[in-house]
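Work through the exercises below with the sequence and the 3D view at hand. Try each task before reading its solution.

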Amino acid sequence: MLRTVNRVLIGLVGLVLLVVGGSVLAVGLGLDPPSWWIHDGKKDVLLSDAERTRWDGEGWWWPTVIAALALVVLLTLWWLTAVLRRHRLTEVRVDTGDGEGALLRGRALEGVLEGEAAELDGVHRAHAHLTGRSDAPRTRVRLLLEPHVDPGTALHVLTAEALTHARNSAGLETLPAEVRMTGVKHKAERVS
């Protein structure tokens, strides 16, 4: 949802800036603007003195301006915190079979996943990140592989061992995973 909102907002702001900037540039280069356009020609300013001071004497003007700017600042801060906030799952609900359940710390499950994945043959380093809801977690795993490792084999072993153990130990029916693999940078080997 946040990704969609980001793209729509950035697209709308970009479109408005492009249209306004392009039209001001076109008028500045000598193109005749339509009669309804806010600028008359090259020598016109964005806000004349009359437009700028039109509502200065009105009692509602400054509270309205301040409220609108405060709303823009609050919406911008909300958007910024939503973008910067880490969407890490803090706990996973585990079915204990007695109807009560238990909570497993997300960091603990991430740590176990990372540790078990890092012990796999040819994995230089592993990192796990839980997302989703506490009753339906998902995980993202990043593997840094040694140069000699076949990525398909590493993926198969990861899903057959580490992810299966994590899913079974948390009592989950499914544990969807997104796995990203990169190779360790190394020098080219000499062939003689």
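**Exercise 1: a residue of helix H3**

Task: decide whether Leu84 is buried, partly exposed or exposed.

Solution. Leu84 has a relative accessibility of 60%. The cut-off for exposed is over 50%, so Leu84 counts as exposed. As the model is a predicted one, this value is computed from predicted coordinates. To place the residue, look at helix H3, which covers residues 61–84 and includes Leu84. Then go to Arg107, 23 residues apart from Leu84 along the chain. The C-alpha atoms of Leu84 and Arg107 are separated by 19 Å.

**Exercise 2: the overall form**

Task: describe the order of helices and strands, and find out how spread out the protein is.

Solution. Begin with the count: there are 5 helices and 5 strands. Along the sequence they come in the order α-α-α-β-β-α-β-β-α-β. Next, take the radius of gyration, which is 29 Å. For 192 residues the globule rule gives 16 Å, and 29 Å is well over that, so the protein is more spread out than a compact globule. A box along the principal axes that holds the C-alpha atoms is roughly 75 × 65 × 25 Å.

Two further figures complete the description. Of the 192 residues, 21% count as buried. Among contacts between residues at least 6 apart in sequence, 49% join residues at least 24 apart.

**Exercise 3: surface and charge**

Task: state how much of the accessible surface belongs to carbon and sulfur atoms, and how far apart the centres of the positive and negative side chains lie.

Solution. The accessible surface comes to about 14700 Å². Carbon and sulfur atoms account for 60% of this surface. For the charges, count 22 positive and 23 negative side chains. The centres of these two sets lie 5 Å apart.

**Exercise 4: the tryptophan rings**

Task: classify the ring pairs Trp55–Trp60 and Trp55–Trp61.

Solution. A pair of aromatic rings is described by the distance of the centres and the angle of the planes. The whole structure holds 4 aromatic pairs. In one of them, Trp55 and Trp60 have ring centres 5.9 Å apart. Their planes stand at 55 degrees, so this pair is tilted. For Trp55 and Trp61 the centres are 5.1 Å apart and the planes are at 35 degrees, so this pair is tilted as well.

Now check the accessibility of each residue. Trp55 has a relative accessible area of 33% and is partly exposed. Trp60, at 42%, counts as partly exposed. Trp61, with 22%, is also partly exposed. Last, ring pairs link Trp55, Trp60, Trp61 and Trp62 into a cluster.

Conventions:
Residues are numbered from 1 along each chain as its sequence is written. This is a predicted model: local features need pLDDT of at least 70, side-chain atom pairs count only at pLDDT 80 or more; totals for chains, interfaces and linings use all residues. Side-chain values use heavy atoms; hydrogens and water are left out. Helices (H or I, at least four residues) and strands (E, at least two) are DSSP runs, numbered from the N terminus. The radius of gyration is taken over C-alpha atoms; the globule rule is 2.2 Å times the number of residues to the power 0.38. Buried means under 20% relative accessible area, exposed over 50%, partly exposed in between (1.4 Å probe, protein chains only). Contact means heavy atoms within 4.5 Å. Accessible areas come from the Shrake-Rupley method with a 1.4 Å probe; for residues, only the protein chains shown count as cover. Lys and Arg count as positive and Asp and Glu as negative; His and the chain ends are not counted. The place of a charge is taken as NZ of Lys, CZ of Arg, CG of Asp or CD of Glu. Rings of Phe, Tyr and Trp (its six-membered ring) pair if their centres lie within 6.5 Å; planes under 30 degrees apart count as stacked, over 60 as edge-to-face and the rest as tilted.
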